[in-house]
Amino acid sequence: MIPIMIVEDEFLVRLGLKSMIDWNSYGFTIVADASNGQEGFELYEKHRPYLIITDIRMAPVSGLEMMKKIRAIDPDVKFIIISAYNDFDYAQQAISCGVELYLCKSTFKNEDLVSVLPRLAASYNKKNPQSDTALKPSLQSFDAVFPDLSATDKILTVLAENGLGTGTHLWLAGRCDTSEHPASNLSLQCTILENLLNHKGIPCQFFVRKDALICLVKIGDREMLAQIAGEAHNTLLNYTLSPCYYGISTPFEDILKLSRALSEASCACNEFLFDKDTVCHLFSPENTTLNFGSLKLDTAIEELMSTVFSGRQEETLYTLQRIVFSCQNYRSLEYALLSVISSFIEYDSSNTLMPLLERALKKNDLTHIILFLKDWILTIPFLSMPVEDTASKYVDTVISYIKEHLEERLSIQSLSSMVHLSPNYLGKIFFQKTGTFVHQYITNCRMNKACDLLRQTNLPINAIGEMVGIANPHYFSKLFRDTMGMSPSKYRG
């Protein structure tokens with residue numbers, strides 16, 4: 001993509017220039033913008049744009065002064081002027097700086113500006129024959145370039161071809177937070193980072209891996225790389241409203257550590273899920289330590305399965321929240337999600353474990369991850385699962401006990417202990433045979449008995465509630481109304 005900078009002191013005009021033209025479709029991308037000539041010159045030195053669209057009258061440094069300073073450095077840079085001043089003196093000075101186009105703000109149309117873009121793109125590509133206006137040639141698939149990470153000779157050859165021979169290297173991984181806004185363009189991210197790294201004289205090579213941008217740099221200074229990543233974050237945020245977060249590996253020289261270092265950078269990058277105040281996370285050993293705080297993950301997974309197979313959806317969501325929010329780092333989150341999905345994947349014939357895990361981990365917010373898991377679990381077709389013959393006797397025993405002890409405090413935990421099964425296993429086989437969750441079955445039995453007592457006796461409603469195991473009269477009335485569609489007193493008539 002061909003880098004552009006816009007220099008304009010009126011915010012709305014600057015915003016309009018950025019948004020009114022689909023720059024990417026013409027092979028251009030905006031890498032910087034400034035409100036005056038002084039800022040423009042400083043950003044030019046940082047980003048080195050090929051095309052600069054600028055106003056003339058700005059303080060403290062005018063567009064003309066900025067153009068002259070830039071032209072002295074780079075005779076090939078292209079300028080387009082869009083000014084409110086359409087007089088001969090300004091036009092003459094602009095022509096002396098070698099502008100491509102001089103437009104008046106009050107009369108110009110998009111077509112006027114767009115008309116020169118193909119010619120400028122052609123001149124850029126002629127000057128940079130390796131460039132591709134549709135997609136940067138350096139933005140390659142990592143897995144395609146390095147299909148075998150044990151083939152060190154091939155790796156060394158590729159690195160040498162890209163000026164990344166032997167020495168100290170770092171991996172930089174970038175991931176955009178799209179929880180509030182659409183993802184920014186990978187080519188735009190690449191262009192901004194590449195300009196920043198080139199300005200510092202740092203050799204780099206970009207790749208795409210699983211829709212994420214990764215960059216190998218020949219440098220050992222993590223703090224300097226973190227500063228560059230922070231500048232890239234601010235630039236992207238200015239244009240796309242999607243903040244981009246970065247992770248940096250530990251330095252390495254041994255090429256056999258290339259893969260491990262990449263995993264470190266990716267892991268550190270994903271720490272933004274827990275800390276969005278930090279733009280760039282540096283990998284440390286703590287990133288790989290499983291840490292769930294005070295939560296016992298195995299116990300929580302059993303509780304989750306129990307809530308699912310007893311039909312308590314609110315508790316299912318609450319338990320998922322406890323599991324996900326207990327994770328102290330990305331590795332813990334990865335392990336927790338793997339455990340949750342593994343617990344239910346055998347009941348879902350339409351999905352497999354790893355794609356589901358990847359889909360969950362692509363979410364850019366912990367809350368979105370929780371909702372993804374909840375939606376997936378609650379749509380699993382448990383009814384279509386085969387019933388085990390040996391399980392029927394346990395279900396029959398539980399059903400008989402429920403019907404004979406409705407006045408007691410019944411729960412899936414107490415019932416599973418009675419038949420010496422785990423709560424989640426009892427919930428599963430109960431649903432398989434009856435098509436009803438344990439909790440709902442208990443409620444249905446209680447309401448059926450309450451209906452019989454209301455029709456056949458003159459007992460007070462409160463007493464009937466106690467006889468079916470619901471001592472709270474207000475809760476009994478609410479539950480009866482929710483189930484039968486009318487109050488107990490109205491049902492009795």
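Reader: How do the lining residues of the largest pocket divide into nonpolar, polar and charged?
Author: This is a predicted model. In it, the lining of the largest pocket has 13 nonpolar, 8 polar and 8 charged residues.

Reader: Which ones lie nearest the centre?
Author: Arg 175, Arg 209, Lys 210, Ala 212 and Asn 270, out of 29 lining residues.

Reader: What volume does that pocket have?
Author: About 860 Å³.

Reader: And which helices and strands each supply at least two residues of the lining?
Author: Two strands are β7 (170-176) and β9 (212-217). The helices are α9 (186-199), α11 (258-269), α14 (330-344) and α15 (353-361).

Reader: Switching to the largest nonpolar core. Which residues touch the most other members?
Author: Ile 52, Leu 197, Val 217 and Tyr 246. That core holds 46 residues.

Reader: What does Leu 197 touch, leaving out residues up to four places away in sequence?
Author: Ile 202, Cys 204, Phe 206, Cys 215, Val 217, Leu 225 and Ile 228.
Author: There is also a second, separate core of 38 residues. Cys 267, Val 308, Ile 323 and Cys 327 are among them.

Reader: Now Asp 74. Where is it?
Author: In the loop between α3 (63-73) and β4 (78-83).

Reader: Buried or exposed?
Author: Asp 74 is buried, because its relative accessible area is 17% and the cut-off for buried is under 20%.

Reader: Which side chain does the Asp 74 side chain make a polar contact with?
Author: That of Tyr 44, at 3.4 Å. Beyond its neighbours within four places in sequence, Asp 74 is in contact with Tyr 44 and Lys 127.

Key:
Residues are numbered from 1 along each chain as its sequence is written. This is a predicted model: local features need pLDDT of at least 70, side-chain atom pairs count only at pLDDT 80 or more; totals for chains, interfaces and linings use all residues. Side-chain values use heavy atoms; hydrogens and water are left out. A nonpolar core is a set of buried Ala, Val, Leu, Ile, Met, Phe, Trp, Tyr and Cys residues joined through side-chain atoms within 4.5 Å. Buried means under 20% relative accessible area, exposed over 50%, partly exposed in between (1.4 Å probe, protein chains only). Contact means heavy atoms within 4.5 Å. Helices (H or I, at least four residues) and strands (E, at least two) are DSSP runs, numbered from the N terminus. A polar contact is a pair of N or O atoms within 3.5 Å; within protein, one must be able to donate a hydrogen and the other to accept it, and residues adjacent in sequence count only if both atoms are side-chain atoms. On a 1 Å grid over the protein atoms alone, a cavity is a set of points where a 1.4 Å probe fits but cannot get out, and a pocket is an open set with protein on both sides within 12 Å along at least five of seven lines; lining residues have an atom within 4 Å of a point. Grid points are joined across faces, edges and corners, and a volume is the space filled by probe spheres set on the points. Ala, Val, Leu, Ile, Met, Phe, Trp, Tyr, Cys and Pro count as nonpolar, Asp, Glu, Lys and Arg as charged, and the others, Gly among them, as polar.
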